[in-house]
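Trainee: I've got a model open and I'd like to learn how to read its strands, turns and surface charges. Can you walk me through it?

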Amino acid sequence: MGEKLTKSDVKKIREEIEHRKLVVRKEAIEAVKEARAQGDLSENFEYYAAKREKNQNESRIRYLERMLKNAQIVSDESREDEVGINNTVELYMEDDDEVETYRLVTSIRGSSLKGLISTESPLGKAIFRHKVGERIYVKVNENAGYYVVIRSIKNTKDDSDDKIRSF
């Protein structure tokens, strides 16, 4: 079983593959040709840099195609009163006495620095499919965890600014 992806994730991945094949690949091939034309390849840094960039692009294309081939498509539909994928959730963190806002996303778009938490993360797993007002224990490891209370849930379908994470 591969990554869990929504239809939106699949669309973004296909767009990236197409861009890399039609635009980045042509630019990379041209850069290699130009660097090769400069002469002696044994000391031609530009040639090796261009080759490396071309190979990285090809590797990224293969990675994304393999991800799509093995993906498990999941729905980002959820009931209005429960936490689902692409919902923005306001959580009260009991230990810190603070309210924090997160958006629940698939693992390939997760970025805690941007407030995007994966359904595979401890917090994401804990709050997934729960409702406003529920107090939930988030298990971090065998000996530790914390409690959160769901304050609000907002459906956030527009994910145009989310990027598929590069590895």
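This is a predicted model: local features need pLDDT of at least 70, side-chain atom pairs count only at pLDDT 80 or more; totals for chains, interfaces and linings use all residues.

Trainee: What is the phi of Asn86, and is Asn86 buried or exposed?

Mentor: Asn86 has a positive phi of about 70°, although it isn't a glycine. Asn86 counts as buried because its relative accessibility is 0%, and buried means under 20%.

Trainee: Now the strands. In which sense do β3 and β4 pair?

Mentor: For a pair of strands, check the sense and then the bridges. β3 and β4 run antiparallel, over 6 bridges, and Met93 has Glu98 in β4 as its bridge partner. Their hairpin has 4 residues between the strands, and there Asp97 takes a positive phi near 55°.

Trainee: And how does β4 pair with β5?

Mentor: That pairing is parallel, over 3 bridges, with β5 covering residues 116–118. Look for Val105 opposite Ser118 in β5.

Trainee: Which residues gather in the patch of negative charge on the surface?

Mentor: Asp95, Asp96, Asp97 and Glu98. Take Asp95, in the loop between β3 (87–93) and β4 (98–105). Asp95 counts as exposed because its relative accessible area is 60%, and exposed means over 50%.

Technical notes:
Residues are numbered from 1 along each chain as its sequence is written. Side-chain values use heavy atoms; hydrogens and water are left out. Patches are made of residues with over 30% relative accessible area and no salt bridge: like charges are joined within 9 Å, nonpolar side chains (Val, Leu, Ile, Met, Phe, Trp, Tyr) within 5 Å. Accessible areas come from the Shrake-Rupley method with a 1.4 Å probe; for residues, only the protein chains shown count as cover. A salt bridge is a side-chain nitrogen of Lys or Arg within 4 Å of a carboxyl oxygen of Asp or Glu. Lys and Arg count as positive and Asp and Glu as negative; His and the chain ends are not counted. The place of a charge is taken as NZ of Lys, CZ of Arg, CG of Asp or CD of Glu. Helices (H or I, at least four residues) and strands (E, at least two) are DSSP runs, numbered from the N terminus. Buried means under 20% relative accessible area, exposed over 50%, partly exposed in between (1.4 Å probe, protein chains only). Two strands pair if DSSP finds at least two bridges between them.
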